[in-house]
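This report goes through one protein model part by part. Keep the sequence and the structure in view while reading.

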Amino acid sequence: MIDKTNLPPCPVETTLMLIGDKWKVLILRDLRSGTKRFGELKKSVTGISQKVLTSNLRDMEENGLVTREVFPEVPPKVEYTLTELGLSMSPILDAMAKWGEEFKKSCK
C-alpha cells in the first residue's frame, strides 16, 4: 500500500506508484467496461499469471482503485469493480490509447 503521508514531490512519480506496471494498466483498461470476475480478467489480460493477477488486484484494492466483492457460493464467486478513484484514471488510459494509435500509424 502506498504511504499517502509520504508521497514524492513529482505528480508523475505518484501516478506511477499507483499504476507503474503494465499489468495494472491493463487491469484498469479491462475494468473500465464494468465489473468482471477473476476468471474474466485472467482471460482478458493476456499473459498474466494467476499469482501476478491476484497480487496486482490486492495492491489495487489496498490503494483504492478497485473493490472486491465475494459472493458466498460454491465455488466462491469474486467480482472486481473500479472505484471512483480507479475510474478517474480513464483520461490517462484514453491518452495512452491515443498516443499508441498515433505511434502505430507512424510505424507503417
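## The surroundings of N63

Leaving aside residues up to four places away in sequence, N63 touches M1, I2, L18 and L85. The model is a predicted one. N63 sits in the loop that joins α4 to β2 (66–71). Is N63 buried or exposed? N63 counts as buried because its relative accessibility is 3%, and the cut-off for buried is under 20%.

## The nonpolar core

The largest nonpolar core contains 21 residues. Within this core, I19, I27, L28 and L31 have the most contacts.

I27 can be followed in more detail. Not counting residues up to four places away in sequence, I27 is in contact with V45, L53, N56, L57 and M60.

V52 belongs to helix α4. With a relative accessibility of 31%, V52 counts as partly exposed, because this value falls between the 20% limit for buried and the 50% limit for exposed.

How far apart are V52 and W23 in sequence and in space? They are separated by 29 residues in sequence, and their C-alpha atoms are 8.4 Å apart.

## The largest pocket

The largest pocket holds about 200 Å³ of space. Its lining is made up of K22, V25, L26, R29, R32, L93, M96 and A97. The largest share is that of α2, with four residues.

Which classes of residue line the largest pocket? The lining has five nonpolar residues and three charged ones, with no polar residues.

## Cysteines and disulfides

A disulfide is a covalent bond between the sulfur atoms of two cysteines. How many disulfides does a search of the whole structure find? The search finds zero.

C107 has a relative accessible area of 52%, so C107 is exposed, since the cut-off for exposed is over 50%.

Notes: Residues are numbered from 1 along each chain as its sequence is written. This is a predicted model: local features need pLDDT of at least 70, side-chain atom pairs count only at pLDDT 80 or more; totals for chains, interfaces and linings use all residues. Side-chain values use heavy atoms; hydrogens and water are left out. A nonpolar core is a set of buried Ala, Val, Leu, Ile, Met, Phe, Trp, Tyr and Cys residues joined through side-chain atoms within 4.5 Å. Buried means under 20% relative accessible area, exposed over 50%, partly exposed in between (1.4 Å probe, protein chains only). Contact means heavy atoms within 4.5 Å. On a 1 Å grid over the protein atoms alone, a cavity is a set of points where a 1.4 Å probe fits but cannot get out, and a pocket is an open set with protein on both sides within 12 Å along at least five of seven lines; lining residues have an atom within 4 Å of a point. Grid points are joined across faces, edges and corners, and a volume is the space filled by probe spheres set on the points. Helices (H or I, at least four residues) and strands (E, at least two) are DSSP runs, numbered from the N terminus. Ala, Val, Leu, Ile, Met, Phe, Trp, Tyr, Cys and Pro count as nonpolar, Asp, Glu, Lys and Arg as charged, and the others, Gly among them, as polar. A disulfide is a pair of cysteine sulfur atoms within 2.5 Å.
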